[in-house]
Amino acid sequence: MGGNGKKFCVKVYGCQMNVYDADRVRTVLCSRGWEEVQEDEADVIMITGCSVRAKAEQKVWSEIGLYDPSWKKSQRPLVALTGCIAQRIGVNALNRFPYVRLVAGPRHIGLLPDAIEQIASHPKSRINLLDDDPKEFHSLNFDSDNITIKRDNKHKAYVTIAHGCDNFCTYCIVPYVRGRFVSRNPEDIFSECRMLIDDGVKEITLLGQNVNSYGKDIGLNFAWLLEKVARLEGIKRVRFVTSLPQDFTGDIVDVMAGIETVCPSLNLPVQSGSTRILRMMNRKYTREEYIDKVKMTREKIPGLGLTTDLIVGFPGETEEDFEDSMSLLSEIRFDLVHSAAYSEREGTPAATMEGALPVELRLERLNRLNELQDSITLGINKALTGEVFEILVDDSAPKGDGLLQGRTPSDKVVIFEGSKKLLGQFVKVRITEAEAWCLHGELV
Ligand code: SF4
């Protein structure tokens with residue numbers, strides 16, 4: 001039992017930003033004597049959810065409903081609904097479920113530990129933190145530099161460098177639920193990175209909705225930050241997600257090319273291959289400008305691992321627009337494409353645009369696109385057979401005894417046989433076989 005006798009459980013749905021926020025809250029609660037337990041023993045369950053897609057939102061609604069029988073029997077657990085989903089549906093959840101006692105969005109993370117303690121000590125209280133200024137960000141600072149941030153992977157960690165987004169792409173809910181763009185103080189970022197390196201972390205991924213905008217609001221820039229982090233003593237690998245093409249500039253590429261610890265991997269979401277659709281999405285680049293940036297980056301960084309995000313079936317997308325996306329895939333040959341059929345998010349401009357496509361057509365296009373990309377990915381991966389890569393061993397492979405998995409500098413998953421003693425180490429692996437989703441190899 002923890003020092004204060006209170007028990008909590010955290011359930012996270014959604015992106016790395018949610019995982020990162022939840023890990024920090026777990027860290028503070030444990031440092032205050034709370035015990036982290038399975039959900040059936042918890043006094044308070046914190047559900048951190050995503051609202052970027054309708055499906056993720058439905059999952060969280062049904063998750064909250066699951067606590068009804070236990071609440072009727074024992075008046076436990078109290079539920080704290082947090083993350084971007086709470087910003088959107090928190091008030092409804094508060095009204096609908098008597099056991100939802102706290103709702104808070106991503107901007108309120110710094111207020112969460114106190115608020116959770118308050119609902120736990122005054123079980124009749126209900127706290128709604130949502131109704132405040134969207135420009136306000138309550139960061140969560142630790143009382144001591146010696147704290148170990150709770151996280152599931154010992155060797156790799158994410159570090160948030162900015163919150164929110166000001167870009168208002170017309171399909172995206174993020175600026176409404178995560179608030180305005182705010183860069184984190186660089187000294188806080190460096191000290192968090194140093195804390196992680198001291199705790200054995202080898203690879204740090206800098207995280208933000210649009211990392212390339214870092215510093216615009218505080219007179220700094222992302223290339224500067226990336227270089228500083230990449231030169232911290234003891235760091236082995238640095239990555240960053242996500243980049244916005246219009247803000248991805250040559251100085252960032254120079255840092256990637258010039259410092260060995262910055263991995264040659266880049267996620268550069270294009271979203272569509274049609275300049276007409278990009279305009280409707282409020283993305284501020286053309287197809288040609290995107291292609292030029294990719295060429296410039298590949299020239300300076302040979303062996304770059306390049307992935308993208310792409311939406312098909314945006315309102316008004318014609319067969320010709322869709323073919324522009326298909327031809328872009330063939331022209332650029334991405335290593336991986338995170339594709340999605342467009343789904344309406346209430347409150348965004350695209351949700352009320354004319355020319356919505358039938359869902360079946362969106363899915364049919366998605367299948368065609370995935371089929372093309374799978375063959376491209378497989379071709380790229382097969383060409384790597386026989387090459388040797390340095391892998392950071394992440395974990396046991398999900399299927400197969402005695403198999404480990406890790407990633408190449410270009411961020412490809414490699415599965416190979418080896419002892420668990422290698423977890424967290426760098427090893428050399430020769431690629432022996434390729435699939436679209438992963439590579440297989442043997443220790444050299
Ligand atoms: S850049 Fe566009 S897609 Fe990305 S979070 Fe901001 S609004 Fe959403």
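## Backbone features in the loops

Threonine 242 lies in the loop between strand E11 (237–241) and helix H9; helices (H or I, at least four residues) and strands (E, at least two) are DSSP runs, numbered from the N terminus. The peptide bond that leads from valine 241 to threonine 242 is cis, with omega near -5 degrees. Another cis peptide bond, also with omega near -5 degrees, runs from arginine 76 to proline 77. Proline 77 belongs to the loop between helix H3 (68–74) and strand E4 (78–82). The structure is a predicted model, in which local features need pLDDT of at least 70 and side-chain atom pairs count only at pLDDT 80 or more, while totals for chains, interfaces and linings use all residues. Residue numbers start from 1 along each chain, as its sequence is written.

Most residues other than glycine have a negative phi, and most peptide bonds are trans. Asparagine 282 is not a glycine, yet has a positive phi of about 65 degrees; this residue sits in the loop between H10 and H11. Asparagine 282 is partly exposed, because 14 other C-beta atoms lie within 10 Å. For burial, a residue is buried if 20 or more other C-beta atoms lie within 10 Å of its own, exposed if 12 or fewer, and partly exposed in between, with C-beta atoms placed from the backbone. Arginine 333 has a positive phi as well, near 55 degrees, and is located in the loop between H12 and strand E14 (336–341). With 14 C-beta neighbours inside 10 Å, arginine 333 is also partly exposed.

## Overall fold

The protein chain contains 13 helices and 19 strands. Its C-alpha atoms fill a box of roughly 60 × 55 × 50 Å, taken along the principal axes. A compact globule of 444 residues would have a radius of gyration near 22 Å, and the 23 Å of the protein chain agrees with this; the radius is taken over C-alpha atoms, and the globule rule is 2.2 Å times the number of residues to the power 0.38.

Of the 444 residues, 44% count as buried. Among contacts between residues at least 6 apart in sequence, 72% join residues at least 24 apart; two residues are in contact if their C-beta atoms, placed from the backbone, lie within 7 Å.

## Domains and their interface

The domain assignment gives domain 1 (7–128), domain 2 (156–382) and domain 3 (388–443), with bounds that come from an automatic or database domain assignment. The C-alpha centres of domain 2 and domain 3 are 25 Å apart. In the interface, 16 residues of domain 2 are in contact with 11 residues of domain 3. Helix H13 supplies the largest share of the domain 2 side, 5 residues. By class, that side has 4 nonpolar, 6 polar and 6 charged residues; Ala, Val, Leu, Ile, Met, Phe, Trp, Tyr, Cys and Pro count as nonpolar, Asp, Glu, Lys and Arg as charged, and the others, Gly among them, as polar.

Lysine 399 is in the loop between strand E15 (388–396) and strand E16 (403–407). This lysine is exposed, because 7 other C-beta atoms lie within 10 Å. The C-alpha atoms of lysine 399 and threonine 307, 92 residues apart along the chain, are separated by 25 Å.

## Helix H11

Helix H11 (residues 287–300) has 14 residues and should span 20 Å at 1.5 Å a residue; its end C-alpha atoms are 21 Å apart, which agrees. The expected span is 1.5 Å times one less than the number of residues. The buried residues of H11 are Arg287, Tyr290, Lys293, Val294 and Thr297. Seen down the helix axis, they fall within an arc of 125 degrees, so they line one face of H11; the arc is that of the directions from the helix axis to the C-beta atoms. An α-helix has 3.6 residues a turn, so residues three or four places apart point the same way.

The face turned away from the buried side carries the exposed residues Glu288, Asp292, Lys295 and Glu299. The cover over the buried residues of H11 includes helix H9 (250–258), strand E12 (265–267), helix H10 (275–280), strand E13 (305–312) and helix H12 (319–332).

## Arginine 362 in helix H13

Arginine 362 is part of helix H13 (residues 359–382) and counts as buried because 21 C-beta neighbours lie inside 10 Å. Apart from neighbours within four places in sequence, arginine 362 is in contact with Val312, Gly313, Ala341, Tyr342 and Leu357. The C-alpha atoms of arginine 362 and serine 343, 19 residues apart along the chain, are 9.2 Å from each other.
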